[in-house]
Amino acid sequence: MSAYVLVAEDDEKQAELIRRYLVHDGHAVTVVHDGPTVLEEATRRPPDLLVLDWMLPGLDGLEICRRIRGTGDMPILMLTARSAEDDLLLGLHIGADDYMTKPYRPRELVARIRTLLRRTRQPERTEEVLLKAGPLTVAPDRHEVSVHGRPVNCTPGEFRLLCTLAAEPDRVFTRAQLLHCITGHGRAVTERTVDMHILNLRKKIETSPRRPELLLTVHGIGYKLSRGRSGV
């Protein structure tokens, strides 16, 4: 998991060591050595995570943390030579997400950063896919089917069949193709299984199962899901 990390550490040797370990772990890194520059850089190019030394010249880590927390939710891992419990709790209270006391092992720091990034990064939101054919709507992610807004309960096999048909309305599928989508390989079933699913689905989604308008038979070939036009 690569990220852009801003490292604020006034000890230049320590900062360079952190930078090397983070770059080796696949991250892009900017290093700064004083408090005002931290705020300037974090505003100019907000990082995915800030490694923040408590004792910085110009502006200490607590004040920087307080100001950043007033404007956003950037993940902050604080480095401190202070080991007293009250000091550590104060850092967390101000808004640090995690802390490490000096001296520390660089590999442990990198591991903490990985964990913090996983914990704080939100998964990308993707638009839900809805499959529609006339009054029929299939929501694959939620395993839901509705007709005219009315929920329809389907067996797993029926649902897989509807997903296949609804993904390509008006396409004609053979019984063998639909059987494969229902069962996959290696099951001793016949194409009559498809016919039974179709029969049961018509009872659930058609206004008149004996005169279907959605789930249509294409004689000599198989079935299709109509967009709503009169079928065969």
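Visitor: Why is Gly 61 called buried?
Guide: Buried means under 20% relative accessible area, exposed over 50%, partly exposed in between (1.4 Å probe, protein chains only). Gly 61 has 0%, so it is buried. This is a predicted model: local features need pLDDT of at least 70, side-chain atom pairs count only at pLDDT 80 or more, while totals for chains, interfaces and linings use all residues. Residues are numbered from 1 along each chain as its sequence is written, and side-chain values use heavy atoms, leaving out hydrogens and water.

Visitor: Where does Gly 61 lie, and what is it in contact with?
Guide: Gly 61 lies in helix H3; helices are DSSP runs of H or I with at least four residues, strands are runs of E with at least two, and both are numbered from the N terminus. Contact means heavy atoms within 4.5 Å. Leaving aside neighbours within four places in sequence, Gly 61 contacts Leu 52, Asp 53, Trp 54 and Met 78. Met 78 is 17 residues away in sequence, and the C-alpha to C-alpha separation is 7.7 Å.

Visitor: What makes Glu 9 buried?
Guide: Its relative accessible area is 0%, so Glu 9 counts as buried. Glu 9 is in the loop between S1 and helix H1 (12-24). Not counting residues up to four places away in sequence, Glu 9 touches Gln 14, Ala 15, Val 32, His 33, Asp 53, Leu 56, Leu 79 and Lys 102.

Visitor: Which backbone nitrogen lies 3.0 Å from a polar atom of the Glu 9 side chain?
Guide: That of Asp 11.

Visitor: How do you know whether His 148 is buried or exposed?
Guide: Relative accessibility of His 148 is 65%, so it counts as exposed. His 148 sits in the loop between S8 and strand S9 (150-152). Its phi is near 55°, positive in a residue other than glycine.

Visitor: And why is Asp 170 called partly exposed?
Guide: Asp 170 comes out at 21% relative accessibility, and therefore counts as partly exposed. Asp 170 is in the loop between H6 and strand S10 (173-174). Its phi is also positive, about 75°, although Asp 170 is not a glycine.

Visitor: At what angle do helices H6 and H8 pack?
Guide: About 85°, with the axes of H6 (residues 156-167) and H8 (residues 192-205) 10 Å apart. That makes H6 roughly perpendicular to H8. Angles under 35 degrees count as roughly parallel, over 145 as roughly antiparallel, 65 to 115 as roughly perpendicular and the rest as oblique. Axes are lines fitted to C-alpha atoms, for helices over the stretch in contact, and angles run from 0 to 180 degrees between N-to-C directions.

Visitor: Which residues of H6 and H8 meet?
Guide: From H6, Gly 157, Glu 158, Leu 161 and Leu 162. From H8, Val 194, His 197, Ile 198, Asn 200, Leu 201 and Lys 204.

Visitor: Which residues in the largest nonpolar core touch the most other members?
Guide: Leu 136, Val 138, Val 145, Leu 161, Val 194 and Leu 225, out of 26 residues. A nonpolar core is a set of buried Ala, Val, Leu, Ile, Met, Phe, Trp, Tyr and Cys residues joined through side-chain atoms within 4.5 Å. H6 gives the most to this core, with 6 residues. Apart from it lies another core, of 20 residues, including Leu 39 and Trp 54.

Visitor: Which residues of H2 are buried?
Guide: In H2 (residues 35-44), Gly 35, Val 38, Leu 39, Glu 41 and Ala 42. Their cover includes strands S1 (4-8), S2 (28-32) and S3 (49-53), and helix H3 (61-69).

Visitor: Which peptide bond is cis?
Guide: Lys 102 to Pro 103, with omega near -5°. Pro 103 lies in the loop between strand S5 (98-101) and helix H5 (106-120).

Note on methods
A polar contact is a pair of N or O atoms within 3.5 Å; within protein, one must be able to donate a hydrogen and the other to accept it, and residues adjacent in sequence count only if both atoms are side-chain atoms.
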